[in-house]
Amino acid sequence: MQTSKEDLSVPTVSQLQQFIRFGLDTLGERNAHHDFETLSLAVARRRIASNLLPATGPVSAGGDQGRDAESYFTRLRSEAPEASAFARLASSETIVLACTIQRRNIAQKIRSDIASICSTGTPVQRIAYFTVAPVPVSTRHTIQDQARTDFHVAVDIFDSLWLAQELAEPDLFPLAETYLQVPSEFAPPPDGTDPHPEWYLQTRTRWREQEEFTGHLGEFATLRRALRHATFQAGARADLADWLDWARGMLEVADHDTVRPRLQYEIAVAYLRGLGDLTPADSLVRDFFDRTLISSDLGLLNDAQVLLTYVRGAWNRHATTLTTQDQDRWTGALSARIHSLLEEDPPVNRRASLHALAAHVTLQIRLVGQPADYRPEPAADLAEPPPRYLTAEDIGPLDPSRFTVADLPHAMAHLQHLCDLLPDAQTFPVASIADTFDMVAPLLATHTDYPQVRQALDEAVERAEGGIARARKSRNRALQFLRLERPLEALEEVHTMKVSAWSGDTLPWALQALLLAHRLYSLLHLPLAAKQCALAVCAAAGSSQDPALAPFIAQGLLRAVDCDYQAGNLLTSAALSEYAIKAQGLYVDDPWNEEEHSDFEAVVVDSSMAMLAARQIRPHLVPFLSDVHARTGLDVVIDAQLAAADLPARSEAEWMQMAMRSGCGWLFADEGPRRAYHWAAGGPTWQVECENTRHAVLACERFVAAAQILLAELTPLDPLLQPAHIHIDVQLDARAPEPQQLPDNHVSRWRVYLAPWNEETDARDGQYLPDLAAPLVAILMTESLLPQEQFMQKTRTAFQRGLNHKLIAGRAYDELADLLPEDHYDRLSSLRPTASEDVLSFRAAAHPALDMPHTHGPGYDEASATDAVRRRYEALPIVRCTLKGLAASASFQATVLELRDEGWRDWHILNAVLNIVINHRLALEMTADPAASPQEITRRAAMLQRPEAEEDPKPPDDAFTTAALKQALATSALSTLQTLGLTSHRRTPNFPALLELLGTRYAYWALDVPHEDILRLD
């Protein structure tokens, strides 16, 4: 059997040992003194001395004088040491076995028992002391020294760590199943891939000669090991029929409580996984469930859950006569049994185990849109049975468009209960449920409890197995989400991976996490966020002084080059490539092999495209690029590629359109005295400009990188940003005053002041992050339509999910990015960019994951929205006379037809006409009495809502042009926001953006109700 080192679905030795330690912990909760005494004696007979007899009197009664077992005299060890395993393990010493399930004051307990043992009874030479508590080495040595001094006796202390190691061995594992309720699925697999190892051949020979069976645990352990080997090793599968015959023979004499159900389980698995057909074992499966589903043994109940999964798979493959009714009945009975055991209010460890088991049961996967009893047609040619364990690569990510969790609410409820218990159940073996959670993570990620459950399970894994285990799990989930084209969920996992591994020997994992984060930000069209991650890789690898990490320096620099290219800073990208290519040559093996080094290949492609663009639309920049490429040696490669490609000539407009569609910035944006950064995220399009000087560019990029990171965090939380164009002018100011909103009804204009960076700036300083985040939050708050408290709650949620460590990559951005000399910026700033009006309309495309959502927005309720439309029509009497006159106007009829073609409903037209009429009446009132008080004007305005009379003054026909109606409807958008519980925070509202958002998120252009023909147009 081959398994991947990265496959966390395989129960590893450490995970099995953790499960055993957890089982030892639960002995005290179950008051299982006798079970531990029996377990300890069985282990001692296999590992210490075979000639041990149990003492009389239970552990808790004190009737055995502290002695739970004693050795008896035998000559076999000296007379026939090789006669049997018993003889080889027989001891000539006088040994006493003692054990305790007490966990507190364990050292005092051991000393007390030693004194009791040595004060009465037969003199003792050695004490073997078993305890469920871990005993520190220093404590053990102190007790041993004291025992030798006071009682002249040797003491060996076997604690939970030693027991877990031994019980994880194949020959002792049945003891863990029986006394610690460890599921059969955790049985240690045979070692290696040899189909006929020596142990197997010897076992097979012995069993072929065996005529009778005892049905005891030891015999079962031997049979199971060989049976599983024949099941999962194709080379040994020819023996499987024999092993199944022997297993059925043992079944007739097996102990009904301890061995029989476990043997039924093994037989069923062997038939299905070894021979591909469960049918011969169907009756055994029925008997297994009939007996097991009334048990209180959690190990057997876990086996039942696993066997249910096997039965479902067999049913799908037409490899069983068991029905969906059988499956549903057993699933219901198992769930009911778990529920009844939980109602007994068990101790914390047992309660945690029950919730984990319930989560396994409820996390059943089904096809979307298929009935529960759906069964695929039988395959014409059944393939080789799958391996025992399937890796995530074998299964592939679970696509939510194809699969769903059958009982997601209950599954997440049980997982949340489990996570609430984990702080008090420190030894709970979390690996199994955590692995299952990871496997189905794409199907759970939209649930509100997913972040909390994921964090709690990851923290438990980290406590048990270390930060590297948590980092590995985060990476595996990230790759699942990435393959499903869900980059935002993948990004969240990657940041968790980074934090889990950011130290010592695990630093390479943190660097890999940063590179993955770069990849995701770049995919999301957020090149400055990606650049920050890439440069952080360089800095961390360089400061580590570990030669093995040197290739990361080149990799980070190459990716930073690509980020500048994506941002439209083609000249800066070329300049930075000098450093990247030098690092590639210094630190990387076979550095110029493009097939081996995709990052280097990307830089070659970027450089070629930049040169082609310069030749076609910026010929005056060709010498700059040619000089750089001549120094790096890329000039020959670039010329050859461009000559071979024979690419068509493009106009500037075509180049810019290509850049916009790709989510890139304005090409050659770093040319001239000012530099601009373009991207789109969250609904708005963004344009940030600064002077093209060293400190201004570094500060501006610091701001842009933070803005892109923040938007990647906030967008999934739906901050309801308006789909406007946001233009930000960044200026340096050491005082860093608050950002200024500049008046503009079409573009959201801001001026942001940032303090310049200096060598004393520390990203870990308490003021760095607030200075970075405050202007961003202020801008986003203004661009959001949510009430302030709702928006700030989403911001707090982002920070609670780790936004701090995402905004800062170890060092201040300016320090990471300050790689190019001052004269580079002077040279770029001195260039005079080609004038183009297209830059004013340049709008980068958002990645679909960061585009404005097309789902209903916060506060939307279809019934309430429909009622609001109905009330619009109820306002008809206020303007009925005006509409009657307008209906006779040919120009107005043409206007109405034009607006209807644009998607206007009749209530939009009515609303616009109403606003024009009301404003006209109000203007007349104010003209008649301009000195009227505000209260009087308000009173008169209310009176203007009365039904219209024929003699009332009416606006002229030219007041109802297309432009006037559109303006009137736009201004009414503010009142529409109020009815939805939303607020415009801008000083000068952007009405087109408001109407677009209302149409996209609130069905503004789609909703209508049956109504009379208010316009009576043919």
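Which residues does Arg-486 touch, not counting residues up to four places away in sequence? In this predicted model, the residues that Arg-486 touches under that condition are Pro-400, Pro-442, Ala-445, Thr-446 and Phe-481. Arg-486 has its place in the loop between helix 22 (467-483) and helix 23 (487-501), and with a relative accessible area of 13% this arginine is buried. Glu-485 is also placed in the loop between helix 22 and helix 23, but at 69% relative accessibility Glu-485 counts as exposed. The backbone of Glu-485 has a phi near 60°, which is a positive value in a residue other than glycine.

A positive phi near 60° is also found for Phe-668, again a residue other than glycine. Most residues other than glycine have a negative phi. Phe-668 belongs to the loop between helix 31 (652-661) and strand 8 (674-680), where its relative accessible area of 2% makes it buried.

**Overall composition**

The protein chain contains 45 helices and twelve strands, and of its 1018 residues 54% are buried. Among the contacts in the chain with a separation of 6 or more, 74% are accounted for by residues 24 or more positions apart.

In soluble globular proteins, nonpolar side chains tend to be buried together. The largest nonpolar core of this model has 217 residues, and those with the most contacts inside it are Phe-428, Tyr-521, Trp-679, Phe-703, Ile-728 and Val-913. Helix 32 (residues 694-714) gives the most to this core, contributing 14 residues. For Phe-703, the contacts beyond four places in sequence are with Val-688, Ile-728, Val-730, Val-752, Leu-754, Pro-775, Leu-776 and Ile-779.

**Salt bridges**

Side chains of opposite charge can pair when their charged atoms come close.

| Glu-166 | Arg-47 | 2.6 Å |

In the salt bridge of Glu-166 with Arg-47, distant parts of the chain are linked, since Glu-166 is in helix 7 (residues 160-167) and Arg-47 in helix 2 (residues 33-47), 119 residues apart. Glu-166 is buried, with a relative accessible area of 17%, whereas Arg-47, with a relative accessible area of 27%, is partly exposed.

Arg-477 and Asp-458 are both buried. These two residues also belong to a network of salt bridges that links Asp-435, Asp-438, Arg-454, Asp-458, Lys-473, Arg-477, Glu-492, Glu-493, Glu-713 and Lys-806.

How do the axes of helix 27 (residues 570-587) and helix 29 (residues 622-632) cross, and at what angle? The two axes come within 9 Å and cross at roughly 10°, and because angles under 35 degrees count as roughly parallel, helix 27 and helix 29 are therefore roughly parallel to each other. On the side of helix 27, the residues that meet helix 29 are Leu-570, Leu-571, Ala-574, Ala-575, Ser-577, Glu-578 and Ile-581, and their partners in helix 29 are Phe-624, Leu-625, Val-628, His-629, Arg-631 and Thr-632. Sorted by class, the contact between helix 27 and helix 29 has eight nonpolar, three polar and two charged residues.

Val-605 lies in helix 28 (residues 598-617) and is partly exposed, with a relative accessible area of 40%. Val-605 and Gln-641 are 36 residues apart in sequence, and their C-alpha atoms are 8.7 Å apart in space.

Key
Residues are numbered from 1 along each chain as its sequence is written. This is a predicted model: local features need pLDDT of at least 70, side-chain atom pairs count only at pLDDT 80 or more; totals for chains, interfaces and linings use all residues. Side-chain values use heavy atoms; hydrogens and water are left out. Axes are lines fitted to C-alpha atoms, for helices over the stretch in contact, and angles run from 0 to 180 degrees between N-to-C directions. Helices (H or I, at least four residues) and strands (E, at least two) are DSSP runs, numbered from the N terminus. Angles under 35 degrees count as roughly parallel, over 145 as roughly antiparallel, 65 to 115 as roughly perpendicular and the rest as oblique. Contact means heavy atoms within 4.5 Å. Ala, Val, Leu, Ile, Met, Phe, Trp, Tyr, Cys and Pro count as nonpolar, Asp, Glu, Lys and Arg as charged, and the others, Gly among them, as polar. Buried means under 20% relative accessible area, exposed over 50%, partly exposed in between (1.4 Å probe, protein chains only). A salt bridge is a side-chain nitrogen of Lys or Arg within 4 Å of a carboxyl oxygen of Asp or Glu. A nonpolar core is a set of buried Ala, Val, Leu, Ile, Met, Phe, Trp, Tyr and Cys residues joined through side-chain atoms within 4.5 Å.
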